[in-house]
Amino acid sequence: AWRWPPAACGRGGARARVLATVVWGPGVVGWPGSGQAAPTPGVASATLAWLGNVPLQADTAGAHLLGGYLYVTSSHELTIYDARVPESPTLLSTLPIPQMPYFAEEDVDTNGSILLIGTYGLLLVIDVRDKAHPAVLSTLQGGDEHTITCVLDCTWGYGSYGEIIDLRDPTKP
């Protein structure tokens, strides 16, 4: 995890600090169990400070930061971190969700209450109100598009291929 000084961050500082943890991947963020490895040689800046590792899966595909919580997808699960202290995110939960490794949801979207993941021809509507206990709320056969975006506070889901999903009642998409 890297930290930018607040003066260099501006308004998006907290988001930038957490996203740096995810975006720079295994070259900088060590493998699980690797301890607090030093940064990769050649990565240096007067505006960056090495803080440590956040062990993420090697196949992390996407993430969404909202309200101090980081929602991370991989080919086998949804992981939720408490990132209100960006320098030290805390693992809150994992929810097994098998996905095709090369098609894992890379643009996971949420309003903090429901979260949308497309997998194996299904749209999964996941209840994430209790961050420590996420649960699949409902599914929609045929609702799996490359990416699915929450619109109007997740009242609607817009798929990357043009599908529009009515989520006014998320238990019955």
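Two strands are said to pair if DSSP finds at least two bridges between them. Helices (H or I, at least four residues) and strands (E, at least two) are DSSP runs, numbered from the N terminus. This is a predicted model, in which local features need pLDDT of at least 70, side-chain atom pairs count only at pLDDT 80 or more, and totals for chains, interfaces and linings use all residues. Residues are numbered from 1 along each chain as its sequence is written, and side-chain values use heavy atoms, with hydrogens and water left out.

Let us start with strand β8, residues 114-119, which pairs with β9 in the antiparallel sense over six bridges. Within this pairing, Leu 115 stands opposite Ile 126 in β9. Two residues lie between β8 and β9 in their hairpin, and Tyr 120 in the turn has a positive phi of about 45 degrees.

β9 also pairs with strand β10, residues 135-141, again antiparallel and over six bridges. Here Leu 123 is opposite Leu 140 in β10.

I turn finally to the cysteines. A disulfide is a pair of cysteine sulfur atoms within 2.5 Å, and by this rule the count is one. The sulfur atoms of Cys 150 and Cys 154 are 1.8 Å apart. The torsion about their S-S bond is about 65 degrees, so the disulfide is right-handed. Both Cys 150 and Cys 154 are buried.

Note on methods: Buried means under 20% relative accessible area, exposed over 50%, partly exposed in between (1.4 Å probe, protein chains only).
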